[in-house]
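Subject: Structure for your files

Hello,

The structure you asked about is below. My notes on it follow.

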Amino acid sequence: MTGKNQWIEHEYFRTYRIATRVESVSLNPFNYLRELEALFLEDGILEFAPSWQKDTALHRLIRYIADDFFSEDTTGPTCAPWGSDPVHPKWILPVDLALQLYGLSDEPEFFIPEDRNIVQGEDGIYRQVTPPWVENACYERYQYLRLTQVYEDLLARIAEEVFFVMFLNRRALEGLNRHLAGHLGDIDPAYISEDSMGLARLFSGPGELKRVRPPVWAKRAVFYRERGRCASCRTDLSGLIDTFPDSNYDHMIPLARGGLNDLTNLQLLCGRCNLKKSDRITASSKHYRRWY
Ligand SMILES: [Zn+2]
């Protein structure tokens, strides 16, 4: 990669909040089946099948979760103050705030209508409630944005940032890949529809993708994440003449178990540990070398 693609400018908009949800989903997917449903509808898992996409499985899940948050914001709704008057701010949706932060929009195009009803509850106590038409207007704004390119661009920026902080988390990546492997394992390439024949050719058999050598960019990313050490026994591999031999790059979830050819499914292992692990799934290591 050259030029500006090597650099990202972080705004850290909800980065850790999204990362926390993505981690929970990855480690306990069965608690989130309803939320994840749409991701795997109509063989959605096939979008994860092409090898070594720079738009990794994690990027896809992050966008999906970030979109979910924006949808949730419309109930309530969640408001962010906008404007130079701190006493009487206008209110905008977090998605409109994010568009401003990332410079994807010049001016907010939608302000949350200010209308509250005071309602007396059964207990005799009065409460402020948002009338349904306000939430509906917010939801319509969100639905409108979802069809636009700026929204796609926004999700892409958020995905880059969350990926940046989550790529270190082998356990979460392993959990995500384990879950995806469960879905991929159900795919029989013989039944993939004619117009997706290209996808069928990615498979070596039912529920198993063909082995494709990881490209140098993927190996480099994993090598630097592990800081040149075997993720299992910590052997220093940085002195090897060829630092990127295929035999050091292990699919955490093996292809034979439905694993993906995806950056998030790779770890650096010394030859001995890789041989020992073979086609088994072993828990990824929790240890990381200190920065200093
Ligand atoms: Zn080792």
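M166 is buried, with a relative accessible area of 4%; buried means under 20% relative accessible area, exposed over 50%, and partly exposed in between, with a 1.4 Å probe and protein chains only. Before the rest, two remarks on the source. This is a predicted model, where local features need pLDDT of at least 70 and side-chain atom pairs count only at pLDDT 80 or more, while totals for chains, interfaces and linings use all residues. Residues are numbered from 1 along each chain as its sequence is written, and side-chain values use heavy atoms, with hydrogens and water left out.

M166 belongs to helix α6 (residues 149-166). Helices (H or I, at least four residues) and strands (E, at least two) are DSSP runs, numbered from the N terminus. Leaving aside residues up to four places away in sequence, M166 touches A19, V22, E23, L58, A172 and L173, where contact means heavy atoms within 4.5 Å. P131 is 35 residues from M166 in sequence, and their C-alpha atoms are 39 Å apart.

On the core: the largest nonpolar core has 71 residues, and I18, I62, F70 and I158 have the most contacts inside it. Its largest share, 9 residues, comes from helix α3 (residues 57-73). A nonpolar core here is a set of buried Ala, Val, Leu, Ile, Met, Phe, Trp, Tyr and Cys residues joined through side-chain atoms within 4.5 Å. I62 touches I18, V22, I158, A159, V162 and F163, again not counting residues up to four places away in sequence.

Helix α4 (residues 94-101) is largely enclosed by the rest of the structure, because 6 of its 8 residues are buried. Those buried in α4 are P94, V95, D96, A98, L99 and Q100. They pack against α3, β1 (80-82), β2 (90-92), α5 (132-146) and α6. Just after α4, G103 has a positive phi of about 65 degrees.

A few backbone points remain. Most residues other than glycine have a negative phi, and most peptide bonds are trans. The bond from G76 to P77 is cis, with omega near -20 degrees, and P77 sits in the loop between α3 and β1. Y12, in the segment before α1 (15-27), has a positive phi near 55 degrees and is partly exposed at 41% relative accessible area. R234 has a positive phi near 70 degrees. R234 lies in the loop between α9 (216-225) and β7 (249-251) and counts as exposed, at 51% relative accessibility.

Regards
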